[in-house]
Structures are given as structure tokens and as C-alpha cells.
Protein chains: 2
Amino acid sequence: MAKSLSFSLIICFIFGLVPGIWAQQQSPLTFTDARKLTLIGKAWNDGPFYHRLDTAAYPAIPRNVKYLATNSAGLAISFKTNSSKITAKWCTSRRVPGDNMTGIAFEGMDLYIRRDQRWQYAGVARPKTHDCSDAVIVEQMASGEKTCLLFLPTYDETISLEIGVDSGATLVPGGNPFRKNILVYGSSIVQGASASRPGLAYPARISRETGYNFINLGFSGNGKMEPEVANMIAPLPMDAFILDCVPNPSAEEVLARTANLVNTIRKFHPKVPIIAIESVAREKGNFDQDVAARVAQKNGYFKQEIEKLQKRDSNLYLISADGLLGDDQEGTTDGIHPNDLGFDRMLQKIRPVILKIFARYGI
Amino acid sequence: MAKSLSFSLIICFIFGLVPGIWAQQQSPLTFTDARKLTLIGKAWNDGPFYHRLDTAAYPAIPRNVKYLATNSAGLAISFKTNSSKITAKWCTSRRVPGDNMTGIAFEGMDLYIRRDQRWQYAGVARPKTHDCSDAVIVEQMASGEKTCLLFLPTYDETISLEIGVDSGATLVPGGNPFRKNILVYGSSIVQGASASRPGLAYPARISRETGYNFINLGFSGNGKMEPEVANMIAPLPMDAFILDCVPNPSAEEVLARTANLVNTIRKFHPKVPIIAIESVAREKGNFDQDVAARVAQKNGYFKQEIEKLQKRDSNLYLISADGLLGDDQEGTTDGIHPNDLGFDRMLQKIRPVILKIFARYGI
């Protein structure tokens, strides 16, 4: 009898206590579908929510470009909350990262919070699987409202996303913190390879640092200036265009397509600044003479074509490849894609040039 | 009959031609077991070839440290060849990279070649699977002998490695290009997370840049200054010690173990410089107040312990955490581990301090 009573007491104690501990450790959260918040970084808002482009509207563009437009590179969710904790549940496709990217960059997310007039890193959403994951992004924050930007996966399709905050906390759509629209068209480097997390892809970084809205139309391996792609991007309502699209096309394609791309944009935007950037050095070509010769030839053709156009187009600019990745050859992950050090060096070089040009146009 | 002759001719043509094309495309290679070449980066040469330590000699060290000593972080193969192409076949364990590392850093390799008095990036060995892979690292090189360093996987065990060069090319062991022996003891950050490739782990980078032989004893999550580990590293024949081991132990462990680690080293090395480094900022603590407080407490205890010891030890130095990762909070992959930009900033700060100290000792 005494034994049975003790046993009952123990059971009551355990069942009484455990939920208490549980509640303390796992404070209840409220989840909100991110589609109810503000999506930024899209060229315009048609089509599936987390796709960069409504590819159904462009039947003629190449298959690979269509696919890559479903990757959420450069997209971010803007929101405000007074929660002490921010979490996420999200699903991507089942694709797995390539050997030159982190899982966080490929299918994870990173959060920035505005403080002291700057966007500051707050946390990452680390993927646990290759499809659906949940993660605490940041917790134990001081009280007060936080203005947040959550950068979405750069190389995978974002299928769904819910943001979790403390029960009872506010969670409301934010504004678009970036002004004007600057399209960056290019390759995997623009899309974000090999930044270590989404917010370090160079269009995202330059947006946060300058306040301009750089829109990521980097198509990994497929930024080839096809006429159909030129037709797609040219009418977009942009204040400037950055063309960082030498890495993917062949030398012959650079020669054949550069003028058409610029001229197609000019039909819709007679006077906006177009800033062409030569291909970064392929460090793969430090010793591989064929690679070095191929990059030099492509940059040569690109420069030649841009310079021809510049004779009758005073709003067309060229940034040379010199020093874009520094001079110690440590700025890439794989001899092709900048690592975060390489991207930082690119930014140090192109940011002042771009800002000077924008100032000239009152952008 | 005519039909049969034609068919035979076609067959002969195909079987005659294909091997010719094959030979042209796939020039024949000769493979050499890397164990016949020169392994550098080991504290000393006992034990399994690709393990950093002969853990059988240290039965008392913690299980996790033993396991991590099998990871080939900081090891490199030194060789010379006049081949135009360098390839590798290698096997690692079946482990898969974590979400904060690239496959190349985790289980791949990168090659440097000496040119113009510098080590220059030449190529990567990209893993195709999580166990055995083969890869062309660099090809189409100019003629002449190349002095090579191939950095091994930082986070996986290297089980076997063969290096392939053009048939008929030379392939001979190289020397150890680095002088003196500087042990770097620490955490995942020392081991190499999250450099984008093995040669960008900071001990490897500082070796190439200074010519000193920095030896990587970073143990991911397990650089905790246990007395057994202090006993293991203290007798090693080193010219200096770098202690970058605040990130992993708890604050209480930092308090309890720092003096013992230094004192144990001092029993074997009464006068060599010991350079202690505070923990880099955890950017995870930008908004997470608990993380920020914990790192501050650990660095506070470490500083306090080192400063106490410095009163009677003039060969003990402390590098503070200030500015180690810069001030824009973009220097980590996940709020914990430096990315290549963060590592570059660490190097810019610690390299001149270390070199100044070494000069004082004639190292």
C-alpha cells in the first residue's frame, strides 16, 4: 500500500513535472506562412511566389534558364517582430548541394536585422535534410521590435516557408528596404556560388550595403545572353542593368550576342546606365593555359563589343576584370567561383564604380 | 556478301578508330601511391600515414579527440613533377559534409604550385562520392618541373591516395618547404571550418604565406584543453605553440584548464613562445544575448588566467579577439565558423603579431 502510494506519487510527479520542463525549454511558437509577409528581390510579382520569374510567361527561354528561375536566389522575406526568438519550417526540392557549396547557401537561409542604421547578421536556418527542415534562427534576443530580412536558398527551389515567433509576439509584413531596381544578369557567380550563405551572394550584399535593390538574375552555367533571354529582361522596369555574363557563353557566343543584348535593352531603356563587367579571372587558369587563354579571349571579345557600342552609347560602362578577385589567387572555392573573400574583393572594386555612375544619373 | 563486307569494314573502322580517339582524349597516366611521396604537416611521423597523431600512443585522450586525429586536416603531400596534368584517385570514409562546409573542404583536396617565390593555387580535386573519387586537378600546364603541395581533406579521414601524372613524366618526393614547427592547438576553426577548401584553413594559409610549418591540431568541437590532451601535446618538439582553444570548453573549463595547459607545456619547453588567442566573436551572439555573454565570459576567464601566468612568464603572449573577424559581421558561415573572408581578416591581424614574436626569438 505504501509502496503503491509512493509509486503513484512518483508517476504524478513525473507527469506533472515533465510538461513543465518541456514548456520551459520549448516555449510555444506561432507560425505564419511567409506568403503573408513581404517578398523582396523579384523583378516583378507575377508567377509562383518563390520563383524569381514567371517562366510560364516566357515559353521561348531555354529550359535550363526556366529551371534556374525557380531557385530563390536573391529573394528575401521582409518582416517585423518583437519576438525574442525567430524560427523557420521550410521545404525545398530534394536536390543536394554540389561539392563547391555549403548546405546553408544551397538550401538554407540567413537572417539580418536592422540595427544602428545597418543590416547585421542575426542567424542561419541550417537545413537538416534535403527537403523539409526546421531550425531556430536566433533566440534570446533583447525586447523591442526588430526589422528583419530573411534571405532564401540560393540554389534550390523554396517550396514552402513558415516563420515562427513567440506566441503572443507580433509578426507583420515589412516594407521593401531597398530603393530603385537594378537588375544583375549573369552566371552562377551572380546566383551566389560560392558564397557561404545566401545573404553573402554579391547582389544581396551590395543591396544591404548601398540600399539599392539589386535583383538577382544569375543563372548558374546558363547566363549566356541568348536572344530569348535578352527579350525577357529588356522590358523589365529597371533603373540600371549590370551585365556580368561573360563566364558562361563561349567566346563565339560572347562575340555574337553581346551587342544584341545591349541593343535589346536599349529599345526599352534608351538612357539607363548599363554596366558591363568582364569575367573574373578563373584561378583554374593560373596553370591551365587553355582555361587562361579562353577567359582572355572571352573578355577580349566582350570588351571589343562593348567598346564598339560605347562609340554611340554614352550610358554604357565597362568594368575590367583587373583585380576583381585580388592578386593572391585565394579568392575562389574551386578555381571558378568566388568564395566570400573573392566576393568581398569584387565588392570593394565594383561598389564605388557603380555608386559613382548611379550618382551621375540621380539614381 | 557486299553487305557483309561493308558491315565488317564498319566494325573494323569503329574498333580501330575508337581506341585511337580514346587514347587522344584520355592520355595515359601513371599513378603513384602518395605514401611514396613526402607527407608534411604531421607533428611527428609515427602511426597511420594519413592520421595527424598516432592515437594508439595516447590511450588516455578523449574518444572524440582520437577520432578527430584521424581527419587529415593540415596534412599535405609534397612532390615534384614535370607532367602537364595532375590527377588523383582517393578514398575517404563514407561521412558526408555538414551544412556549413563544402564537399571540397570536407573530403576534397587542393593543389598549390610554387611560382615566382609564392605558392599559387593550381586546382581542386572535387569529390564525386562520399567515399572514393577520382578527379583531374589541373591539366594543360606549360612544360617544366613543378614543385607541388596537395592539401588533404580537412574533415574526413584520408584512407588512400594515388597521384596520376602523364605516362613518362617524372614524379618524385618533394622536400618540406616549411621551416621550424609551430603547433596550433584549437577547435573546428583551427581544423578548418568553414574555409571553402583545405588549403584555406588558416594554419595552411599562414604556412604558405610565412614559410613556417604550422601544424594543425584543431579538433572540431573538442579543443577543450583536457589534462590528457595537454600531456599529449606538451612534449612535442615544437618551436612555438599557438593556443586557439577558447571556443570549445565551457567557461568553467577555461578557468580550470588554461593554467594547466600552459604549465604542462612549460615543463618541456621552458622558454618557447606560447601565443594564446582569445575566441573570435561568435556572430551568433550579435543578437543572441546568451551566446554573447558566454563568449565574453570565456574570453574574460582566458585573459585573466593568461595574465596571471604572464606575471612570471615573459614568453607567454595574448592576442585579443578585437577585430579578429572585422566589424561588419559578414565573416562567418553560420555565426560560429569563419568563412574565407573571416579567416583572411584573422590572418591580417595575427600574422604580423606572430611574425614579430618569432623574430624576437630568432625563430
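In this predicted model, the interface of domain 1 of chain A and domain 2 of chain A holds 1 salt bridge, and the side chains of A:Asp110 and A:Arg197 meet in a salt bridge at 3.0 Å, N to O. Across that interface there are also 15 residue pairs in polar contact. On the side of domain 1 of chain A that touches domain 2 of chain A, the elements giving two or more residues are helix H2 (63-68), helix H3 (103-107), strand S5 (109-115) and strand S6 (118-125) of chain A, and by class this side has 23 nonpolar, 8 polar and 3 charged residues.

The domain assignment places domain 1 of chain A at 29-173 and domain 2 at 179-360, with their C-alpha centres 25 Å apart. Of the area that domain 1 of chain A buries against domain 2 of chain A, 21% is supplied by A:Arg52, A:Asn100 and A:Tyr155, more than by any other three residues.

The two interfaces are set out here.

| Interface | Buried area | Share on carbon and sulfur atoms |
|---|---|---|
| Domain 1 and domain 2 of chain A | about 2600 Å² | 66% |
| Chain B and chain A | about 4000 Å² | 44% |

For the area that chain B buries against chain A, B:Asp99, B:Tyr121 and B:Phe287 supply 20%, more than any other three residues. Between chain B and chain A there are 10 salt bridges, and the side chains of A:Arg208 and B:Glu330 meet in a salt bridge at 2.5 Å, N to O. The side of chain B that touches chain A receives the most from S6(B), with 5 residues, and by class that side has 14 nonpolar, 13 polar and 19 charged residues.

Methods. Residues are numbered from 1 along each chain as its sequence is written. Chains are lettered from A and ligands numbered from 1 in the order in which they are written. This is a predicted model: local features need pLDDT of at least 70, side-chain atom pairs count only at pLDDT 80 or more; totals for chains, interfaces and linings use all residues. Side-chain values use heavy atoms; hydrogens and water are left out. Buried area is the accessible area (1.4 Å probe) that two parts lose on being put together, summed over both. A salt bridge is a side-chain nitrogen of Lys or Arg within 4 Å of a carboxyl oxygen of Asp or Glu. Helices (H or I, at least four residues) and strands (E, at least two) are DSSP runs, numbered from the N terminus. Ala, Val, Leu, Ile, Met, Phe, Trp, Tyr, Cys and Pro count as nonpolar, Asp, Glu, Lys and Arg as charged, and the others, Gly among them, as polar. Domain bounds come from an automatic or database domain assignment. A polar contact is a pair of N or O atoms within 3.5 Å; within protein, one must be able to donate a hydrogen and the other to accept it, and residues adjacent in sequence count only if both atoms are side-chain atoms.
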